Amino acid sequence: MTSQTITADAAGTWKLGDLTINRLGFGAMRLTGSAAFHLGTPSDREKSLAVLRRAVELGVNHIDTAAFYFSALRSANELINSALAPYPDDLVIVVKVGPYRDYTGEWATPARPDQLRGHVEENLRQLGRDHLDVVNLRRLEQDSIAEHFGALAELREAGLIRHLGISGVEPKHLAEAQAIAPVVCVQNRYALDRPDPEGDELLRLCGESGIAFVPFFAVAGSGGARGATDTHDDAVLAVARAHGVSPAQVRIAWSLHQGAHVLAIPGTGNPEHVVDNVAAGGLRLTDDELARLDGSHRP
């Protein structure tokens, strides 16, 4: 597989409501530093801008971000605005609201339903837009998301939001949200080496309803917010060797092979890694390879 010749459309497309995107997208969390949030050292600004521009050059038209993606010196939304505005007509920017970090970078009290408008408006301001394409409500352990999701549904009716999604949820929360307003995506932690029966059920439910399922930390694995794991099981390493690709590319490809409704949003602060991540959308795994990899996720 030659990474330089592969663009994001190799992974195929999906629709978030009426918005057509390539299934291989980009997660902005890694733009701000060596690790997410305040955990690492701030990134080189020009390098982060180059990452975004390279991603779009390669056909990426789906970027996942949030106002709370920032480090001591960098804001993911500000970088996106500076690198890509005026935005391409086909670029879909998805944001998350709910969590909140104060000016020191520490996590503060999550938003109440009546505070979500402020979160939406802050993303609008930082991105320089008059509406948001998709807003995901990130659940933070509350048993019911009805009030929070209902508040976002009102903002959708007001024209500030085009489509709605949910994140960090259980199957019952998907049903709860669907009873209030259309859901176009579910974004949950989900990875090849992380057995997750509840995630598998959500994956199935989303497929049946035509809803995008968007795994995060699919490449990072156990590394989570601190960065990609460097520990890979024998199945991942064997498939990587067979195709002449990296273990990270195998992880991305496995995610995309879980269903036509599954999107990938690998993030990086390295322009070279963007090329490799996009190329993973063109990696075709055999049934035997998928079965072997599935053994890590569904023992």
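The exercises below treat the sheet and then the nonpolar core.

This is a predicted model, in which local features need pLDDT of at least 70 and side-chain atom pairs count only at pLDDT 80 or more, while totals for chains, interfaces and linings use all residues. Residues are numbered from 1 along each chain as its sequence is written, and side-chain values use heavy atoms, with hydrogens and water left out.

**Exercise 1.** Determine the order of the strands in the open sheet, and explain why one side of β3 and of β9 is left without a neighbour.

*Solution.* Step 1: strands are DSSP runs (E, at least two residues; helices are H or I, at least four), numbered from the N terminus. Two strands pair if DSSP finds at least two bridges between them. Step 2: the seven strands follow the order β3-β4-β5-β6-β7-β8-β9, with parallel pairing. Step 3: β3 (26-27) and β9 (212-216) are at the edges and have a single partner strand each, so one side of each lacks a neighbour in the sheet. Step 4: five bridges join β9 in the parallel sense to β8 (residues 185-189); Val186 has Phe213 in β9 as its bridge partner.

**Exercise 2.** Identify which residues touch the most other members of the largest nonpolar core.

*Solution.* Step 1: a nonpolar core is a set of buried (under 20% relative accessible area, 1.4 Å probe, protein chains only) Ala, Val, Leu, Ile, Met, Phe, Trp, Tyr and Cys residues joined through side-chain atoms within 4.5 Å. Step 2: the largest such core has 83 residues, and Leu152 and Val186 touch the most other members. Step 3: contact means heavy atoms within 4.5 Å; leaving aside residues up to four places away in sequence, Val186 touches several residues, including Ile166, Leu202 and Phe213. Step 4: a second, separate core of 13 residues includes Leu19 and Val94.

Conventions. Buried means under 20% relative accessible area, exposed over 50%, partly exposed in between (1.4 Å probe, protein chains only).
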